[in-house]
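Reader: Let us go through the labels on this model. I want to know what each one rests on.

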Amino acid sequence: MKNYFILIPGAVLENDNIPDGAKILYGMILSLATGTSDGRCFARNSYLAKNLHTTERTAQNYLEALRNEGFIETELVNCGWKGRFIRPLALPMAAQQKEGE
């Protein structure tokens, strides 16, 4: 067993539009990104799937659900290596826009 814990914000936990596994994934992403200089993490689908005890396709679907609801941003990079950064957002983008009105 690993010695870490995850936090899942209420806005994520109470969102009925994303599967429960995606909610756990958000907590993992938040944990991985905490303490990084730019607030984002690098994690392959295979790593996420292994830690969630699911398939890579399911992990990809969870990421898509989180992105569609505005809980994460992803950035594809190709600078000598191909990958993707994931940035957890404190509030979904839609909620941020409503607060700014």
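Reader: What covers the buried residues of helix 2?

Author: The cover includes helix 1 (10–13), strand 1 (41–42), helix 3, helix 4, strand 2 (72–78) and strand 3 (82–88). This is a predicted model, where local features need pLDDT of at least 70 and side-chain atom pairs pLDDT 80 or more, while totals for chains, interfaces and linings use all residues. Residues are numbered from 1 along each chain as its sequence is written, and side-chain values use heavy atoms, without hydrogens or water.

Reader: Which residues of helix 2 are called buried?

Author: They are G21, A22, K23, L25, Y26, G27, M28, I29 and A33. Buried means under 20% relative accessible area, exposed over 50%, and partly exposed in between (1.4 Å probe, protein chains only). Across the protein, buried residues make up 36% of the 101 residues.

Reader: What angle and axis distance describe the packing of helix 2 and helix 3?

Author: Helix 2 (residues 20–33) packs on helix 3 at about 115°, with the axes 11 Å apart. Axes are lines fitted to C-alpha atoms, for helices over the stretch in contact, and angles run from 0 to 180 degrees between N-to-C directions. Contact means heavy atoms within 4.5 Å. Helix 2 contributes G21, I24, L25, M28 and L32; helix 3 contributes Y47, L48, N51 and L52.

Reader: How many residues of that contact are nonpolar, polar or charged?

Author: Seven are nonpolar, two polar, and none charged. Ala, Val, Leu, Ile, Met, Phe, Trp, Tyr, Cys and Pro count as nonpolar, Asp, Glu, Lys and Arg as charged, and the others, Gly among them, as polar.

Reader: Why is H53 called exposed?

Author: H53 has 74% relative accessibility, over the exposed cut-off, so it counts as exposed. H53 lies in the loop between helix 3 (45–52) and helix 4 (56–68). Most residues other than glycine have a negative phi.

Reader: How do you know that strand 2 and strand 3 pair?

Author: Two strands pair if DSSP finds at least two bridges between them. Seven bridges join strand 2 to strand 3, so this pair qualifies, and it is antiparallel. E75 stands opposite F85 in strand 3. In the hairpin, three residues lie between the strands, and G80 takes a positive phi near 90°.

Reader: And how many bridges hold strand 1 to strand 3?

Author: Two, in the antiparallel sense. The count meets the requirement, so strand 1 and strand 3 pair. C41 has I86 as its bridge partner, and F42 stands opposite F85.

Reader: What makes strand 1 and strand 2 the edge strands?

Author: The three strands form an open antiparallel sheet in the order 1-3-2. Strand 1 and strand 2 each pair on one side only.

Reader: Why is strand 3 called largely enclosed?

Author: Five of its seven residues are buried, so the rest of the structure largely encloses strand 3. Helix 4 lies across strand 2 and strand 3, at about 120° to strand 2.

Technical notes
Helix = DSSP H or I, 4+ residues; strand = E, 2+ residues; numbered from the N terminus.
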